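Please look over the sequence and the structure below before reading the report.

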Amino acid sequence: MLDLLGWCHWLEATPMGTSIRESQWLFPAIETVHLIGISMLVGSTSILDLRLLGVSLKKTPIATLTAMVLPWAWIGFTTQLVTGFLLFSAEATQVYTDWVFRIKMLLIAAAGINALAFHLTTNRRATQWENNLVMPMGAKIAGLSSILLWCGVVFAGRWIAFFFQ
Amino acid sequence: MVDVIFHFCKWLEQTPVGTFMRQSSWAFPTVESLHVLCGNVPLLVSTSILGARLTGRVLRDVPVSRLVAGLLPWSWIAFLIQVVTGSLLFSSAASRYAATAIFPIKMLLILLAGANALVFLRTSYRRVAQWDTAPIPPLGARIAGYLSILLWLGVLVMGRVLNTAVTLVPISVNLFGR
């Protein structure tokens, strides 16, 4: 039986969780790195999404843009995972039960699924349509969904503490 | 001078906008999210890419003028968004923000970042035709690149520290000691 709430209790009592929670500067410092990670991750995905929407960098082949941008997206995502986990560990039980936090996790999962779905379908034939005047519907949907989902993630992140009891 | 600033801040806080930003439960977090998402992200991304190119370490095969033409509009729009959202956030508790040591530092860093860009555009960039496609730009451009990255990161860090500074007792409370 998976006792996640019990695991959260354990996590926030660890030396790591405790020191982050009790220190005056540690939490803000980790949060600052989390902010920088937002720029790396959302910045990278947005550049790709705008290309898929046909808004900018229209002459750049999608494979080329992906090769340039994806490393930064992965660095950004890893940064967010690590800093996010550290921030989570400080107040695990309160955050875990927060419905805004759960929505944020769902939105992140949805963004990942959206990227995977696009990669497995429309993107397979990218060389056929990337020079079109107007991007195919699949690309535009993927691009717009991605932007909206990541915006949702950032907003949800800001609102996590808002409804704390 | 301090008097003028103090009275302006007090006046700003009491305006309908300032009052709304302070009293509404959802306004501040929403504007703050926009400040991060629509301001921080495009501003940091555009200045970082351009700055990185100017250091001569990455994107060496891309002409500098092409990056400047493509990225500067994004920087400008993002900066405008930061000024608007930042002013709204500031208006909620103007005198408290102004009384911290952090707020003037953040403003100074923004000024320096702007000055750095201006100096670059008026000097090294004037002669860009000569070094546009060179993998490593001239010294002035390289310095401008490193400075840009450092200064804008500094602004982001100061912004986060400001959050903490304003909720604690203002450090220089004597600045507006009444």
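## Helix α8 of chain A

Within α8(A), the buried residues are Ala139(A), Ala142(A), Gly143(A), Ser146(A), Leu149(A), Trp150(A), Val153(A), Val154(A), Ala156(A) and Trp159(A). The model is a predicted one. The packing partners of these buried residues of α8(A) are α3 (26-52), α6 (99-120) and α7 (126-129) of chain A, together with α3 (27-55) of chain B.

Helix α8 of chain A runs over residues 137-159, and because 23 residues at 1.5 Å a residue should span 33 Å, the distance of 33 Å between its end C-alpha atoms agrees with expectation.

## Salt bridges between the chains

Over all chains, the count of salt bridges comes to three. In one of them, the side chains of Arg160(B) and Glu31(A) meet at 2.2 Å, N to O, and this pair crosses between chains, from helix α8 (residues 139-167) of chain B to helix α3 of chain A. Arg160(B) is buried, with a relative accessible area of 11%, whereas Glu31(A) counts as partly exposed at 26%.

Another salt bridge joins Arg158(A) and Glu32(B), whose closest N and O atoms are 2.1 Å apart; this pair also crosses between chains, from helix α8 of chain A to helix α3 of chain B. Here Arg158(A) is partly exposed at 29% relative accessibility, while Glu32(B) is buried, with a relative accessible area of 13%.

## A salt bridge within chain B

Lys10(B) forms a salt bridge with Glu13(B), with 3.9 Å between the closest N and O atoms. Both residues lie in helix α1 (residues 2-14) of chain B, three residues apart, which is about one turn of the helix. Lys10(B) is partly exposed, with a relative accessible area of 36%, but Glu13(B) is buried, at 6%.

## Cysteines

The structure holds zero disulfides over all chains. Cys38(B) is partly exposed, with a relative accessible area of 30%, whereas Cys8(A) is buried, with a relative accessible area of 1%.

## A nonpolar surface patch

Leu2(A), Leu4(A), Trp7(A), Trp10(A), Met16(A) and Phe85(A) form a nonpolar patch on the surface, and together they have about 620 Å² of accessible area. The most is given by helix α1 (residues 4-13) of chain A, which contributes three residues. Leu4(A) lies in that helix α1 of chain A and is partly exposed, with a relative accessible area of 37%.

How values were computed:
Residues are numbered from 1 along each chain as its sequence is written. Chains are lettered from A and ligands numbered from 1 in the order in which they are written. This is a predicted model: local features need pLDDT of at least 70, side-chain atom pairs count only at pLDDT 80 or more; totals for chains, interfaces and linings use all residues. Side-chain values use heavy atoms; hydrogens and water are left out. Helices (H or I, at least four residues) and strands (E, at least two) are DSSP runs, numbered from the N terminus. The expected span of a helix is 1.5 Å times one less than its number of residues. Buried means under 20% relative accessible area, exposed over 50%, partly exposed in between (1.4 Å probe, protein chains only). Contact means heavy atoms within 4.5 Å. A disulfide is a pair of cysteine sulfur atoms within 2.5 Å. Patches are made of residues with over 30% relative accessible area and no salt bridge: like charges are joined within 9 Å, nonpolar side chains (Val, Leu, Ile, Met, Phe, Trp, Tyr) within 5 Å. Accessible areas come from the Shrake-Rupley method with a 1.4 Å probe; for residues, only the protein chains shown count as cover. A salt bridge is a side-chain nitrogen of Lys or Arg within 4 Å of a carboxyl oxygen of Asp or Glu.
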